[in-house]
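This report covers selected local features of one protein model. Please have the sequence and coordinates open while reading.

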Amino acid sequence: MPKDKKDPNAPTLIPEDTFLRLKKLVELKIAPKQPKGEFTSEEWCIPPAFHSLPEFKTVIHYWQQCAIVQYTERDMKVPSRMKVIQDDAKAVKKPHPRKEIQDLFKYAKTQVKAATKRTGQFLKQLEKKEAKEAKREKLLQQINDVDKQMNEELRNARKFIEKQQLFDEAYMVGTKLGKVGPKKNALIIIEQSDKQAAWIEETKDEVSKLLNGVINEGETENFNVALFSGSAVTAWSPQFQAKTDPKKGLADSLKWLNKSFSAKTCGAQPFPPDWVAMLSKFTGEGQAPPWRIFLCCSRSPGGANEDVLKFVQGVRADFGEPAKGQPALPFNVVAFDPSIVGNEEEKAFFEELVGPSGSFMIDTSAEDLVSLDKALKAVQVKKKSLDKLHKKLDKMEDLSERVIEDRSLLQMQIALNNMLQSDLEVCDWALKFVPQATPPEI
């Protein structure tokens, strides 16, 4: 048998707010506009010009809040939905001709299809921008990381400089051998060995600053300079020489040092030098004892340490104070081998050698400068890397604000889509709903 056709004019119940909303959409002939470029609010499935109409204003706000009513808006009139369709108090229904509701259903179905497509287009637009912005943010993070690393390395370099006193004015201008010379008989002794050959320029620099600064400008009357090795002790002068001597004074001693102390002369002499022989030469019988010895060496003689200390103790006991109030044979020592840093045996040897009135320092400036150079080169590499990243960033458009804008556009489009979808479901229910007949009274 053929299926019964329903009367197109039959009164059909439908929530009144849904009916009026869909009818208003039909009257206004609302349809999604085709974009002229990027999707904007004008391309929403319901353009913003209609959002303030009484039929749409509250319901659009409701769906924009993801169908949630805030407590402060608890008196809001919410739209009819399928979840409350059976509740006549929440979904007030009125009868309308079936044919009219069918036409609204067809229109709503078309609108939902177009709205769903438009939602996908807004989403695609957002995803493209988000992908580009994600690359930019990743690049910004790289820049931030490299910048932090570079600044950290610079801070470490500054701390290293301060710790090692690399550019301390006291040692840039002054000498590590000391600030004050004795009144007379200043003896400057330099180790001449293959080990000391690694620090020729550093040694000459310390001796030059000592002679030109401390000795020349101080109260020291006379001095001598000598080299000592494992085979010989070579002195610039056979006795202490007056610093003011026009022919054999400070200038001549520096000239002799530059000629006699070189990588070539040091390379021919094996380590260790003979410390006892050196001390014997300048403290032996008939010699005017030095009031203070300024010593440049690589490190202690090692196996001869005990003999050297015993010899020095004997000399100090024999000679005593060279003058009233003057210490007995003090040493100002600068050692250049960085491997002895932290070596307790080396520290103990030199501390006993220099005595209470002497001084001892380890000059690691050569190795420190190499380390600093490496650190600064690492900073330079990071700076170049940072410049490249910044150039790359300059070519990338900042889409952060547009991403936020597109998210807002998509959120509204989804709200409008959900509103249409909900109204379509309600309209479909109205066409399928068969009211139950009132049972006869018995």
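## Basis

This is a predicted model, in which local features need pLDDT of at least 70 and side-chain atom pairs count only at pLDDT 80 or more, while totals for chains, interfaces and linings use all residues. Residues are numbered from 1 along each chain as its sequence is written, and side-chain values use heavy atoms, with hydrogens and water left out.

## Salt bridges

A search of the whole structure finds 27 salt bridges (a side-chain nitrogen of Lys or Arg within 4 Å of a carboxyl oxygen of Asp or Glu). One of them joins Asp 406 to Lys 129, with the closest N and O atoms 2.8 Å apart. This pair connects distant parts of the chain, 277 residues apart: Asp 406 belongs to helix α12 (residues 400-432) and Lys 129 to helix α3 (residues 98-164). Helices (H or I, at least four residues) and strands (E, at least two) are DSSP runs, numbered from the N terminus. Both Asp 406 and Lys 129 are buried, where buried means under 20% relative accessible area, exposed over 50%, and partly exposed in between (1.4 Å probe, protein chains only). A network of salt bridges links Asp 406 and Lys 129 with Glu 38, Glu 397 and Arg 402.

Glu 153 and Lys 382 form a salt bridge at 3.1 Å, N to O. Glu 153 is in helix α3 and Lys 382 in helix α11 (residues 365-394), so this pair ties together parts that are 229 residues apart in sequence. Glu 153 counts as partly exposed because its relative accessibility is 21%. The side chains of Asp 88 and Lys 93 also meet in a salt bridge (2.8 Å, N to O); Asp 88 is exposed at 54% relative accessibility, whereas Lys 93 is buried at 18%.

## Helix α5

Helix α5 (residues 200-217) has 18 residues and should span 26 Å at 1.5 Å a residue; the 25 Å between its end C-alpha atoms agrees with this. The expected span is 1.5 Å times one less than the number of residues. A kink of about 30° is centred on Leu 210, the bend at a residue being the angle between axes fitted to the seven residues ending there and the seven starting there. Leu 210 is one of the buried residues of α5, which also include Val 207, Leu 211 and Val 214.

## Second largest pocket

The second largest pocket holds about 340 Å³ of space. Its lining has 15 residues, with Val 78, Pro 79, Ser 80, Val 84 and Lys 90 nearest the centre. A pocket is an open set of points on a 1 Å grid over the protein atoms alone where a 1.4 Å probe fits, with protein on both sides within 12 Å along at least five of seven lines; lining residues have an atom within 4 Å of a point. Grid points are joined across faces, edges and corners, and a volume is the space filled by probe spheres set on the points.

Helix α1 (residues 16-28) gives the largest share of the lining, 3 residues.

## Backbone geometry

Phe 271 and Pro 272 are joined by a cis peptide bond, with omega about 5°. Pro 272 sits in the loop between α7 (263-267) and α8 (275-283).

Asn 185 has a positive phi, near 50°, and is in the loop between α4 (169-172) and β3 (186-191). Leu 329 has a positive phi of about 45°.
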